[in-house]
Amino acid sequence: MQDEQIVALYWERDESAITATQEKYAAYLTKIAHNILDDPGDSEESVNDTYLAAWNSIPPQRPSVLSTYLGKLTRRISIDRWRRRTSQKRGKGEFALSMTEMEDLMTDREDPQSVLDAKVLGELLNRFLRTLKPEERNAFIGRYYYMDTLRDVASYCGMSEGKAKSMLFRTRQHLRTYLEEEGYIL
């Protein structure tokens with residue numbers, strides 16, 4: 001079934017929209033959730049919560065790219081679940097590892113200035129990503145957005161893990177320099 005048809009089912013409030021979403025995107029959404037949570041049970045719950053979130057948000061939303069919309073919902077839901085789960089203990093998984101790699105570029109504050117800083121950082125990050133070669137951009141997004149393992153990133157980029165690790169390190173260094181040049185204080 002085409003994405004436009006699935007979205008139309010959501011707009012018609014037809015429950016078969018959830019079944020169609022599950023049939024088409026379950027593996028994709030489970031991979032995102034598992035890369036963050038590293039737990040099959042929590043991953044399954046996050047994916048199920050994604051279906052509910054899609055049901056509750058479409059309408060009024062009308063996503064033009066359903067896979068991206070669902071991936072974003074899954075990512076947010078999984079990160080929230082990971083934060084709740086690890087508020088008392090430290091978890092192991094790709095999310096924790098990839099966030100450790102990027103922690104010097106992030107802040108934990110939730111004050112209005114931090115919210116504004118996060119928006120500015122997001123815009124700068126998008127501009128930076130457009131300057132990268134496709135291979136670098138795919139590796140960066142795979143590692144730090146989808147929380148793919150280094151092995152997976154290396155595999156779909158067609159390189160060794162060592163090369164992928166080095167490329168990601170250099171990309172983070174270039175990102176740091178880019179942000180500083182743009183006046184973003186780390």
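I took helices (H or I, at least four residues) and strands (E, at least two) as DSSP runs, numbered from the N terminus.

**Entry 1: model and overall make-up.** I worked on a predicted model, in which local features need pLDDT of at least 70 and side-chain atom pairs count only at pLDDT 80 or more, while totals for chains, interfaces and linings use all residues. Residues are numbered from 1 along each chain as its sequence is written, and side-chain values use heavy atoms, with hydrogens and water left out. I found nine helices and zero strands in the protein. I took buried to mean under 20% relative accessible area, exposed over 50%, and partly exposed in between (1.4 Å probe, protein chains only). Of the 186 residues, 40% count as buried. I defined contact as heavy atoms within 4.5 Å. Among contacts between residues at least 6 apart in sequence, 64% join residues at least 24 apart.

**Entry 2: loop between α3 and α4.** I located proline 59 in the loop between α3 and α4 (66-86). Proline 60 lies in the loop between α3 and α4. I noted a cis peptide bond between isoleucine 58 and proline 59, with omega about -15°. The bond from proline 59 to proline 60 is also cis, with omega near 15°. Most residues other than glycine have a negative phi, and most peptide bonds are trans.

**Entry 3: positive phi.** I looked up arginine 13, in the loop between α1 (3-11) and α2; its phi is near 60°, a positive value in a residue other than glycine. Arginine 13 is partly exposed, at 36% relative accessible area. I then turned to methionine 147, in the loop between α7 and α8, whose phi is near 60°. Methionine 147 is buried, with a relative accessible area of 0%.

**Entry 4: α2 with α3.** I took axes as lines fitted to C-alpha atoms, for helices over the stretch in contact, with angles from 0 to 180 degrees between N-to-C directions. Helix α2 (residues 16-37) packs on helix α3 (residues 40-57) at about 135°, the axes being 8 Å apart. I classed angles under 35 degrees as roughly parallel, over 145 as roughly antiparallel, 65 to 115 as roughly perpendicular and the rest as oblique. The pair α2 and α3 is therefore oblique. I listed the residues in contact, among them Leu29 and Ala33 in α2, and Val47 and Trp55 in α3. By class, this contact of α2 with α3 has nine nonpolar, seven polar and one charged residues. For these classes, Ala, Val, Leu, Ile, Met, Phe, Trp, Tyr, Cys and Pro count as nonpolar, Asp, Glu, Lys and Arg as charged, and the others, Gly among them, as polar.

**Entry 5: α7 with α8.** I found helix α7 (residues 134-144) and helix α8 (residues 150-157) packed at about 155°, with axes 10 Å apart. They are therefore roughly antiparallel to each other. Residues making the contact include Ala139 of α7 and Val153 of α8.

**Entry 6: two single residues.** I placed serine 57 in helix α3, where serine 57 is buried at 15% relative accessible area. Leaving aside neighbours within four places in sequence, serine 57 is in contact with Tyr69 and Leu73. I located aspartate 39 in the loop between α2 and α3; at 28% relative accessibility, aspartate 39 is partly exposed. Not counting residues up to four places away in sequence, aspartate 39 touches His34 and Arg85.
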